[in-house]
Amino acid sequence: MYSPQSLHRWGITHSESMERLAYGQALRDPMAMERANLLNMAKLSIKGLIESALSFGRTLDSDYPPLQQFFVVMEHCLKHGLRVKKSFLGFNKSLWGPLELVEKLCPEAAEISASVRDLPGLKTPLGRARAWLRLALMQKRLADYLRLLITRKDLLSDFYEHSALMLEEEGAVIVGLLVGLNVIDANLCVKGEDLDSQVGVIDFSMYLKNDIDDYRSEERNSQIASILDQKNYVEELNRQLNSTVHGLQGRVDSLEKSNSKLIEELAIAKNNIIKLQEENQQLRGENSLILLKTQQHLEVTQGDVSVERDTYKQSRQGLDEMYNEARRQLKEECQLRQDVENELVVQVSMKQEMELAMKLLEKDIHEKQDTLIGLRHQLDEVKAINVEMYQKMQSSDEEMKKKNDMITRLEEKTNQITATMKQLEQRLQEAEKHRTSAEEGTRRFKLDFANKADSLQRQIEQREKQLQQLETDLKIEREWRQTLQNDLGRERDAVAQLSTEALQINGLKKEFHRLQDENIQLKSICEDQEQALEELGSKLSESKMKIEDIKEANKALQGGQVWLKDKEATHCKLCEKEFSISRRKHHCRNCGEIFCNSCSDNELPLPVSPKPVRVCDTCHALLLQRCSSNPT
């Protein structure tokens, strides 16, 4: 092997050395020789096509010989190393298989492949591949499509052998050469050509040139270089303009979406406010009933208010916390309202910055929704507290009635017990008297009536038994009396608890009045917020009209409306009726969509055309509304 220094000493450049090395390898490998020959032919055909097109004219027809030779050379390059596929009819080499993969790699190529499949005169895959090459050249995307195809060698390995031109470096070189064909404008008629039966033979006589042609080619190369520079500059300008147009379109779409969202949120907020007003009216009715019942109960329990003030202070701590929370929420609402007013002032001063204004409006609406949700939760809590107070009042009334009945019964029982105690005491006194009299009689008549001692002793034993029975009865009565006294103590404690609950109810009544006043204040705040939302809605409508003006300006920048093709529309966009011979298609000159005669029977002058033109019903209403809102 020779070093680069030695080759330079002998007067051989690096490119010549690489060509000689490649030629030596080609002598060893026939596939490499074929690739080198095809690369040279591709260079000659592309160079000759560009030079002849610039001298003849940029727009070329299908009968132009250099263009035909270019397609023949490209067909040979794509066929190199193509694998043979077995079928029922024999062996087949098809170019249409690898070219059909471009549709999956690039969605923009789907239109070309679909139009190739729809051509009626093509019957063979080779004819479809030739038609595809011509359409890609007309689109000026042939180099881009083949570059995408070369990058996916894992997919091409199913169609080509390992040493094929499309899988080697020569394929990348050819794709780079194809970029220069974007200078040429080709106007080819694919329908009339017989692409299935054409014979792909390369005519080498076109590439044999003399010294005069070499001199002319140098001048043409300089002209081509200047033209290519101008073309690249124009393409760069077009790309920048397209990027700005796409950016403006994206902004317009985002503004439309945000406007629609804000309108929906305004409607939802209004519905929520109506529901809150209905619930407030229901709560007022319930509160009036509860107030009547509490007044009746308070007339009974006003005597015990002074005794239970200490318990009221303890129960008031929780209510004070609730009041502090409500007051804090009111302060937050005031701060939110101030923020909303500040944001409205900022929106009036910064009308030109539409995107920032829309974002601020979204934030304000989200915050107001949160405040409305908080107010609704507060109303629910107040309603629950009122219901609990009403239930407690009913239960306390029933318990008071039951305990009053128990007290009357216990008083009756105590009266009965006292009467029975008095009777038992009288019986004891009488028994003691009889006992004393009997003892005296026994002492007197002991000596005289000794025979009657036994009878007297029996009587005494009987009296003693009676005394024991009376003593047991007294013990039972005393125990019963103690149990009754304990019950009386418990009932007194229950009465004290009921009095404390009555005082708590009185405190809750006062807090309820306070909450009712706060509810009225919150309602006034809600009404102010509704007015602010209405003002925001009016400003949104104005911004929507400005957005429509921006859309019209954007359409003017794009260079006109996007017209819907007749083949794509089968039904009317408004009434969705199918088109037929009697129901014909009509384009709206404003939006470019297709409608029937009844849905587009309107005429109005547009900014593009001062004369009245046909527009659809939706565009007609929109334009009339715009004219009414902006008379200037």
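**View A. Ser-600 in its loop between two strands.** In this predicted model, Ser-600 sits in the loop that runs between strand E6 (594-595) and strand E7 (602-605); helices (H or I, at least four residues) and strands (E, at least two) are DSSP runs, numbered from the N terminus. Is Ser-600 buried or exposed? Ser-600 is buried, its relative accessible area being 0%; buried means under 20% relative accessible area, exposed over 50%, and partly exposed in between (1.4 Å probe, protein chains only). Leaving aside residues up to four places away in sequence, Ser-600 touches His-586, Phe-595, Arg-614, Val-615, Cys-616 and Asp-617, where contact means heavy atoms within 4.5 Å.

**View B. Cysteines without a disulfide.** You'll find zero disulfides in the structure, a disulfide being a pair of cysteine sulfur atoms within 2.5 Å. Cys-616, one of the residues that Ser-600 touches, is in no disulfide, and its nearest cysteine sulfur, on Cys-619, is 3.3 Å away. Cys-616 is buried, at a relative accessible area of 0%. Cys-575 is in no disulfide either; for this residue the nearest cysteine sulfur belongs to Cys-572, 3.6 Å away. Cys-575 counts as partly exposed because its relative accessibility is 28%.

**View C. The largest cavity.** The count comes to four cavities of 30 Å³ or more. On a 1 Å grid over the protein atoms alone, a cavity is a set of points where a 1.4 Å probe fits but cannot get out, and lining residues have an atom within 4 Å of a point. Grid points are joined across faces, edges and corners, and a volume is the space filled by probe spheres set on the points. The largest cavity holds about 170 Å³. It has 13 lining residues, and Leu-276, Leu-379, Leu-522, Lys-523 and Cys-526 are the closest to its centre. Helix H12 (211-301), helix H14 (354-444) and helix H15 (453-558) each give two or more residues to this lining, with H15 giving the most, six.

**View D. The second largest cavity.** Here the volume is about 100 Å³. Which helices each supply at least two residues of the lining? They are H12, H14 and H15. Among the lining residues are Asn-287, Asn-386, Met-389, Lys-509 and Phe-512.

**Numbering and cut-offs.** Residues are numbered from 1 along each chain as its sequence is written, and side-chain values use heavy atoms, with hydrogens and water left out. Local features need pLDDT of at least 70 and side-chain atom pairs count only at pLDDT 80 or more, while totals for chains, interfaces and linings use all residues.

How values were computed. 1 Å grid on protein atoms, 1.4 Å probe; cavity = no way out; pocket = protein on both sides within 12 Å on 5 of 7 lines; lining within 4 Å.
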